[in-house]
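Please read the points of this note with the model open beside the text. They are set out in order, from the whole assembly to its parts.

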Amino acid sequence: MRVALFVTCVNDTLFPRTGRAVVTLLERLGVEVDFPQAQTCCGQPQFNTGYRHETEPLVRRYATAFDGYDFVVTPSGSCAAMVRDNYPRIGAKAAAEGRGAELAEAAARAVPKTYELTEFLVDVLEVVDVGAYYPHTVTYHPTCHGLRLLGLGDRPRRLLEHVRGLELRELPGAEECCGFGGTFALKNAAVSAAMGADKARSITATGADAVCTVDNSCLMHIGGTLTRLGSTVRPVHIAEILASTERTREVAR
Amino acid sequence: MSGRTYLGLPAFPEAAAQSTRNATLRGNLRRATHTIRDKRARAVAELDDWQRLRAAGAAIKTRTLRHLDHYLGQAEAAVTAAGGQVHWAADGAEANRIVTELVRATGETEVVKVKSMATQEIGLNDALAGAGITACETDLAELIVQLGDDLPSHILVPAIHRNRSEIRDIFRERMADWGRPAPDGLTDRPAELAEAARLHLREKFLRAKVAVSGANFVVAESGTLVVVESEGNGRMCLTLPETLISVVGIEKVVPTWQDLEVFLQLLPRSSTAERMNPYTSMWTGTTDGDGPRNFHLVLLDNGRTDTLADTVGRQALRCIRCSACLNVCPVYERAGGHAYGSAYPGPIGAILMPQLRGTDSELDASLPFASSLCGACYEVCPVAIDIPEVLVHLRERVVEGGEVVRGGTKVTIRPAKGHAAERAAMRAARWTLDHPGALRTAQRLASRTRRLHPRRLPGPGRAWSDTRAVPEVPAEPFRDWWRRTREESTK
């Protein structure tokens with residue numbers, strides 16, 4: 001089984017800790033993971049803002065970068081959903097525009113092997129107890145693309161429930177969007193901020209030490225809002241919780 | 001006595017920035033949408049075949065739209081055979097002209113109205129007012145909006161932005177201008193408010209000789225029109241007057257009664273969270289000794305045929321106007337319906353109006369971006385319209401332009417104004433992201449200068465940093481860590 005990590009551009013640039021956590025976690029579970037350097041970005045910001053043509057080279061790049069791997073694991077629900085839902089659309093539209101089947105074929109190579117981290121753990125490795133230890137109270141926000149596009153269901157929750165020392169707190173209105181939405185956060189900043197503030201208040205009300213999601217982009221918005229509202233709740237990617245054990249440094253956080 | 005119009009409203013982000021600051025509005029909307037949302041979830045959960053019903057609803061609409069010419073012809077023949085008259089209106093202006101002439105021919109200067117989205121879409125009340133004809137809304141919420149010189153802000157509950165005390169004030173101040181005044185000492189108790197409306201409207205029902213309605217469905221095989229409602233005002237308007245004029249979008253046709261059965265299950269549960277709506281009125285042409293003597297059906301296109309030409313966007317025409325998407329939408333909940341600048345607010349309005357009206361105005365060009373793409377709308381849509389898919393499709397039309405059909409002709413539209421800097425940034429980003437070496441250089445530069453990064457961003461970045469802290473750039477991007485710890489150690 002050849003497994004590649006698609007770290008995503010956001011994690012690569014801003015949250016390398018999450019990428020390192022995925023590597024630590026997978027290696028602890030006996031999975032050898034590779035990081036092809038040709039990878040960059042799935043193209044979601046461009047595509048979702050309406051720049052489909054700017055996304056096309058990135059579809060090709062993704063497919064080529066991960067050729068030869070059986071699985072591509074990514075710590076991002078929305079990037080996984082981008083590949084799974086939108087790459088075939090981009091391919092179909094290019095074909096409909098008379099530009100041949102090349103992009104559709106690239107999409108067909110990329111889609112079946114792409115897994116969001118919790119899907120890979122629960123569905124492929126068939127584990128829910130990854131041997132993690134995280135002695136904190138945590139609330140879980142199901143991100144929209146993980147929840148509705150990927151249908152992650154209770155996978156993240158089952159993984160968290162098996163973490164030793166972790167106390168899971170219910171998040172009121174959990175399934176409501178946090179208001180990030182990529183370029184929406186800038187184009188409709190007022191509404192985005194209002195949604196973020198409501199989410200931050202719900203999170204604070206749980207009394208948890210940390211809020212976790214399967215996506216650092218939403219977490220960047222949630223965490224940035226929490227900071228501005230003077231809250232001390234920490235944003236943590238689920239990979240970092242699952243990677244931590246009694247022996248890792250991260251536990252102290 | 002014409003009310004406000006949607007013309008000249010600001011683009012969505014500006015309008016929404018205003019409304020999010022209105023605490024009363026936020027409170028009213030939050031309470032109302034959450035109540036309906038929770039009730040809908042319970043009503044839908046009662047049916048174990050909901051997903052199959054939903055798929056059937058989508059399939060029936062898709063098939064009907066594919067053969068719309070056939071079913072419209074069938075409906076026209078059936079309505080005519082049953083004693084009705086069918087008129088075709090290519091756009092709102094033509095529909096308004098037809099209705100105005102039909103009312104004039106009766107010699108009446110007052111009409112009662114059943115709540116109708118199609119007539120709101122075309123601004124019929126204002127057109128009638130221009131011809132000296134008063135159109136009286138009889139749906140309670142539409143009445144509140146009309147009395148308050150206001151605009152509807154929701155498909156099902158047009159006065160959702162108003163609370164009880166605001167409604168009491170509107171009734172006290174304005175009812176006398178339109179007919180029977182509000183009773184003395186009116187309070188904001190719902191039963192009293194409803195009774196005041198009942199007394200006020202009763203006069204109008206009994207006096208009216210002409211009614212104007214829309215229709216939820218037109219059954220092609222028999223030429224039967226269907227209106228579903230909760231208050232009984234519709235039943236009054238549809239049965240008491242001598243002349244009935246129904247303005248109906250061409251996408252409202254369903255082939256058979258068997259098809260109708262699916263929608264009579266989907267619509268009430270999605271809309272008012274009821275198993276069945278209180279009043280379902282159905283009529284086929286005219287019947288001697290029962291109901292209106294004259295029946296006119298005005299079939300409205302107004303951009304629908306053009307929309308049908310778009311293979312992605314056409315799914316918006318499946319909409320049955322239930323408003324479930326509004327009630328779950330976090331953006332609608334905060335921005336309010338008026339920010340969308342049309343009779344169709346919320347997620348469905350954001351995909352419908354840029355297609356029906358085009359994307360020429362700044363407002364219509366801003367609508368496809370009025371969403372975080374959270375997908376809650378698609379999840380609840382009873383006819384499975386993939387609203388996020390259409391939003392992204394329309395975003396492309398706004399930023400890149402392209403081929404569309406307008407007035408039955410293919411035209412190429414230019415990118416909307418105001419996206420030049422963004423387009424340049426997207427191109428630059430694409431180039432960088434397609435050259436990993438360049439990306440690595442940019443990442444390293446960001447990491448090395450990280451102590452110099454401002455906490456508040458300049459330019460467009462302010463939209464972020466005004467309300468959210470800026471993430472700190474790490475000392476080392478992931479790919480450098482990988483190279484340093486993995487690749488060099490194995491060399």
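1. Basis of the note. This is a predicted model, in which local features need pLDDT of at least 70 and side-chain atom pairs count only at pLDDT 80 or more, while totals for chains, interfaces and linings use all residues. Residues are numbered from 1 along each chain as its sequence is written, chains are lettered from A and ligands numbered from 1 in the order in which they are written, and side-chain values use heavy atoms, with hydrogens and water left out.

2. Extent of the interface between chains. Contact means heavy atoms within 4.5 Å. By this rule, 61 residues of chain A touch 68 residues of chain B. The size of an interface is often given as the accessible area lost when the parts come together. Buried area is that accessible area (1.4 Å probe), summed over both parts. For chain A and chain B it is about 5600 Å², and carbon and sulfur atoms give 57% of this. On the chain A side, A:Gln37, A:Tyr51 and A:Arg228 lose the most area to chain B, together 14% of what that side buries.

3. Salt bridges between chains. Side chains of opposite charge can pair when their charged atoms come close. A salt bridge here is a side-chain nitrogen of Lys or Arg within 4 Å of a carboxyl oxygen of Asp or Glu. The structure holds 54 salt bridges over all chains, and 14 salt bridges are counted between chain A and chain B. One of them links A:Arg61 to B:Asp434, with N to O at 2.8 Å. In another, A:Glu176 pairs with B:Arg334, where the closest N and O atoms are 3.7 Å apart. A:Glu176 lies in the loop between strand 6 (167-169) and helix 10 (184-187) of chain A, and B:Arg334 lies in helix 15 (residues 330-335) of chain B, so this pair joins two chains.

4. Other features of the same interface. A polar contact is a pair of N or O atoms within 3.5 Å; within protein, one must be able to donate a hydrogen and the other to accept it, and residues adjacent in sequence count only if both atoms are side-chain atoms. Between chain A and chain B, 30 residue pairs are in polar contact, both residues being at pLDDT 80 or more. Helices (H or I, at least four residues) and strands (E, at least two) are DSSP runs, numbered from the N terminus.

5. The domains of chain A. An automatic or database assignment sets domain bounds; for chain A it gives domain 1 (3-124) and domain 2 (137-252). Their C-alpha centres lie 22 Å apart. In domain 1 of chain A, 28 residues are in contact with 24 residues of domain 2 of chain A. The two domains bury about 2100 Å² between them, 63% of it on carbon and sulfur atoms. Within domain 1 of chain A, A:Arg17, A:Thr118 and A:Val122 lose the most area to domain 2 of chain A, together 21% of what that side buries.

6. Pairings between these domains. Domain 1 and domain 2 of chain A share 2 salt bridges and 14 residue pairs in polar contact (both at pLDDT 80 or more). Helix 2 of chain A gives the most to the side of domain 1 that touches domain 2, with 7 residues.

7. Annotated regions. UniProt positions follow the numbering used here, feature names are shortened, and annotations may be inferred rather than shown by experiment. An unreviewed UniProt entry annotates residues 74-299 of chain B as "domain: LUD". Over residues 74-299, chain B is 44% helix and 21% strand, with its end C-alpha atoms 13 Å apart.
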